[in-house]
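I opened this notebook to look up which charged side chains pair with each other. The entries follow in the order I made them.

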Amino acid sequence: RNLELVEPLRAGAKGVTLVETLDRTQTPMGARLLRQWVLSPLRDPVRIEARLDAVAALVEAGSARATLRAALDGVRDVERLAARAAAGRVTPRELGALRDSFLALPQVGESVAMLALRTVPGTDRVARLLEHTAEQFDRLEDLAAELARGLVERPPVTLADGGVIAQGYDAELDELRDLRDNGKQALASIQQRERDRTGISSLKVGFNKVFGYFLEVTHANSGAVPEDYERRQTLANAERYVTPELKDYEAKVLGAEERIGEREGALFGALRDLVGTAITRVQGTARLLARLDVLASLADTAVNERYVRPVVHDGYGLTLRGSRHPVIERMMPRERFVPNDVHFDEVERVHLVTGP
């Protein structure tokens, strides 16, 4: 707190911490990782230089960096959403957010693959962190394709709301929905087929709560009734019958809504489990996304704030030398901190050191 790394000294103060100054991350995962990096700084110059190489490469690749950041902007909190899927607690809307995030990964992968080929400014070497990320990056295209095929474009908040699974994903579910939504059309089709088969133009399909669905034939046409018609009710002027087809249709229709809910629940559970069983892959990609997000954020901050790359070594000295630099003067005003070896009228480069 005294250093105001992640918390201000004065409660409620905004925009004064180091994290707030540096943070231009696009994802929750990146924001968490940046905070972790600030609170657990590296002390190994080799590892520090590896991060600086990646940031330097991203600084120079302005267009590619912008493309990468735009792709990351479409990524949600993959790490936590996947963990919820593995625990069986993910909602349809959250699974939809995972799908949308997975669909953004190919563009992220293409961007980092291009960045991995660029050399660090002033050298002939590539940024190892970017190269490693490109090599390890799993685009999760199989998961993205299955979730895109199975979920509606905008899933509801809860499974109980219904309408979670996309049309065309499951034949049984489509049939149940058709029964629910197009019952009149199906009955009209049965009626017309039976009229054509029997030649009874007055034959009609009806329904009541006691006998369910039936075919009604007047007594005058009773001689044309086929043998497979089963008598269900006798009226003053007509007979009511059922057929195996009508019985089957009735069994399907009367419980369609309930069975739709059950079938959607089973299909959603399978999609959720698909992500859960791939949790190791998803979390690996989430870690790489977070790293890319932080590195691109630091590069973007460096460009916008005109930061320069520090020279890092394992000694104990701090040396500022060169031309006048107003940013350094604002950071270390004369009246508060004036090291013996600092000359504010000739500041150009800052040498940062690591030590115990």
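I looked up Asp181 and found it partly exposed, because its relative accessibility is 49% and the range for that class runs between 20% and 50%. This is a predicted model, so I treat each value as computed from it. The partner of Asp181 is Arg180, with 2.8 Å between the closest N and O atoms of this salt bridge. Arg180 counts as partly exposed too, at 37% relative accessibility.

Asp53 belongs to helix α3 (residues 45-60), while Arg125 sits in the loop between α6 (92-115) and α7 (128-136), so the bridge ties together parts 72 residues apart in sequence. I noted Asp53 as buried, because its relative accessible area is 8% and buried means under 20%. Arg125 is partly exposed at 38%.

I then turned to Arg281, which forms a salt bridge with Asp138, the closest N and O atoms lying 2.8 Å apart. Arg281 is in helix α13 (residues 279-305) and Asp138 is in the loop between α7 and α8 (141-150), so this pair links parts 143 residues apart in sequence. Arg281 is partly exposed at 32% relative accessibility, and Asp138 is partly exposed at 24%.

How many salt bridges does a search of the whole structure find? I recorded 29.

Terms used. Residues numbered from 1 in each chain as written. Predicted model: local features only at pLDDT ≥ 70, side-chain atom pairs only at ≥ 80, totals over all residues. Heavy atoms only, no water. Salt bridge = Lys/Arg side-chain N within 4 Å of Asp/Glu carboxyl O. Helix = DSSP H or I, 4+ residues; strand = E, 2+ residues; numbered from the N terminus. Buried < 20%, exposed > 50% of the residue type's maximum accessible area, 1.4 Å probe, protein only.
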